Amino acid sequence: MTPNYVKLVENTPLPRVVLCRQKFAATRIDDPAAAVKDAMQAACVDKIKPGMSIAITAGSRGLASLPELLAAIVDQVRARGAHPFVVPAMGSHGGATAEGQSALLAKLGVTEETVGCEIRSGMETDEIGVLDNGMSVRIDRHANAADGIILFNRIKPHTSFRAPNESGLAKMLSIGLGNQSGAENCHARGIDNVGIFVAHMARMKLERCKVLFGLGTIENAYDELSRVVALDSEGMLEAEAPLLQEAMRNMPRLPLGPLDQPTATGELDVLVVDEIGKEFSGTGMDPNITHRFSSPKMQVHLHISRLAALGLSPRSNGNGNGAARADVVTERLEADFDREAVYANALTSQVLMQAKMPMVMPCDRTAIQTAIKTCGAADITQVRLLRIPNTLKLEYLYASEAMLPELREREGFEVIGEPEEMHFEGGLLAANWPDAHA
């Protein structure tokens with residue numbers, strides 16, 4: 001029997017949509033192993049000595065070429081006569097358990113077979129100091145027991161705060177290698193202060209722990225490897241700061257507002273996101289794209305009246321962090337939502353909003369109809385709607401007919417299809433996305 005609330009939206013008209021393509025300026029590395037080898041010609045890499053045990057960090061994000069990059073680092077360390085092993089460095093992710101973090105790495109293609117060395121996963125930490133405010137600074141016990149640590153992470157803007165160092169090597173050191181307890185301490189004074197404690201904790205660990213150097217990657221707007229750079233432990237935070245700005249300039253964006261703005265600006269009636277998930281963003285959907293931030297202190301330049309999130313990526317292992325930033329989700333997304341994973345993340349970060357569940361509708365069709373019906377457009381038959389596969393890959397998207405006049409005039413934007421009805425199969429929106437950038 002159809003619920004009454006579904007009957008209230010089932011006659012809402014859906015717009016015809018057109019497949020479109022955005023073109024971004026981008027540099028791409030096609031040989032990750034060669035890029036790692038080149039980066040590891042830096043003088044700081046000479047700190048690796050024969051016989052040393054070397055811990056290499058691996059995070060919970062879907063970095064471009066992640067298994068290949070880790071395998072290349074392992075090979076280079078071994079070629080210098082040292083003994084590498086990989087340490088999951090993801091704070092509270094993976095349900096804040098050693099088993100969960102190993103499983104999350106496997107979902108990202110990182111196993112002992114693919115990287116060619118042992119993975120030592122554990123949640124135990126050692127305290128290496130205390131900040132002036134009494135906050136404990138902790139580091140993963142396996143990493144701390146090694147003769148040296150190589151930090152490896154992607155450098156990119158954070159989803160919840162702005163600081164000279166956001167997501168990257170400093171955060172990997174302060175939060176990732178802090179495991180659940182260290183991550184919780186770093187977030188203890190609220191999300192707006194995380195950037196401050198990332199820097200304080202990272203500096204203490206650089207002084208007191210056996211960090212040799214870091215390898216940072218930068219990606220282009222197509223989620224492809226663009227650059228690999230080695231940064232010495234001395235001066236690492238200062239050297240990472242300009243790379244963050246480079247990564248910010250590289251980010252993709254929705255086709256809204258002036259092209260010379262670093263992020264999308266303007267207004268949109270409805271955004272439909274096919275999938276949310278940890279491999280797309282630490283918050284499931286990247287607020288740098290949607291401007292739906294957890295903190296009210298973050299600058300918002302884009303207003304999306306209604307956002308519908310349809311599914312949760314299987315590679316997220318049930319972590320539905322990000323669903324809360326939607327206005328409406330589907331029953332299938334709710335069914336995949338694992339409270340254990342989400343709540344551990346929310347309690348550690350102290351951003352409880354991310355654990356909430358929006359309005360739940362039975363299927364993709366009714367979720368989209370709900371977003372359209374409530375978006376506040378003067379004429380919902382002329383709704384300004386965009387559909388994207390996720391917030392990481394924005395090369396291809398669908399736009400409603402009402403948006404075509406403004407989009408056709410946009411530089412670097414191509415309308416490649418003809419207007420068509422949204423296609424559903426058993427209530428599911430057809431996932432007919434073209435192959436990504438080649």
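Tutor: The second largest cavity has a volume of about 160 Å³. This is a predicted model, in which local features need pLDDT of at least 70 and side-chain atom pairs count only at pLDDT 80 or more, while totals for chains, interfaces and linings use all residues. Residues are numbered from 1 along each chain as its sequence is written, and side-chain values use heavy atoms, with hydrogens and water left out.

The search runs on a 1 Å grid over the protein atoms alone: a cavity is a set of points where a 1.4 Å probe fits but cannot get out, a pocket is an open set with protein on both sides within 12 Å along at least five of seven lines, and lining residues have an atom within 4 Å of a point. Points are joined across faces, edges and corners, and a volume is the space filled by probe spheres set on them.

Over the whole structure, three cavities of 30 Å³ or more are found. Of the 15 residues that line the second largest cavity, Lys-156, Glu-219, Asn-220, Met-251 and Pro-252 lie nearest its centre. By class this lining has seven nonpolar, three polar and five charged residues; Ala, Val, Leu, Ile, Met, Phe, Trp, Tyr, Cys and Pro count as nonpolar, Asp, Glu, Lys and Arg as charged, and the others, Gly among them, as polar.

The largest pocket holds about 450 Å³ of space. It has 24 lining residues, and Glu-275, Pro-389, Asn-390, Lys-393 and Trp-433 are the closest to its centre. Two elements give two or more residues to this lining, β10 (266-276) and β18 (428-429); strands (E, at least two residues) and helices (H or I, at least four) are DSSP runs numbered from the N terminus. The pocket lining divides into 13 nonpolar, two polar and nine charged residues.

β10 leads on to the sheet. Eight strands make up an open sheet with mixed pairing, in the order β13-β12-β11-β10-β14-β15-β1-β16, where two strands pair if DSSP finds at least two bridges between them. The edges are β13 (359-361) and β16 (413-415); each has a single partner strand, so one side of each lacks a neighbour in the sheet. On average, neighbouring strands are turned by 25° against each other, direction ignored; axes are lines fitted to C-alpha atoms, for helices over the stretch in contact, and angles run from 0 to 180 degrees between N-to-C directions.

Within the sheet, β10 and β11 run parallel and are joined by nine bridges, and Glu-267 stands opposite His-303 in β11. β11 and β12 also run parallel, with two bridges, and Ala-308 has Val-328 in β12 as its bridge partner. Nine of the eleven residues of β11 are buried, meaning under 20% relative accessible area, with exposed over 50% and partly exposed in between (1.4 Å probe, protein chains only). Strand β1 (residues 17-22) pairs with β16 in the antiparallel sense over three bridges, and Cys-20 stands opposite Val-415 in β16.

Two loop residues remain. Asn-317 lies in the loop between β11 (302-312) and β12 (328-330) and has a positive phi of about 60° although it is not a glycine. Its relative accessibility is 33%, so Asn-317 counts as partly exposed. Asp-223, in the loop between β8 (211-219) and β9 (225-232), has a phi near 65°. At 13% relative accessibility, Asp-223 counts as buried. Most residues other than glycine have a negative phi.
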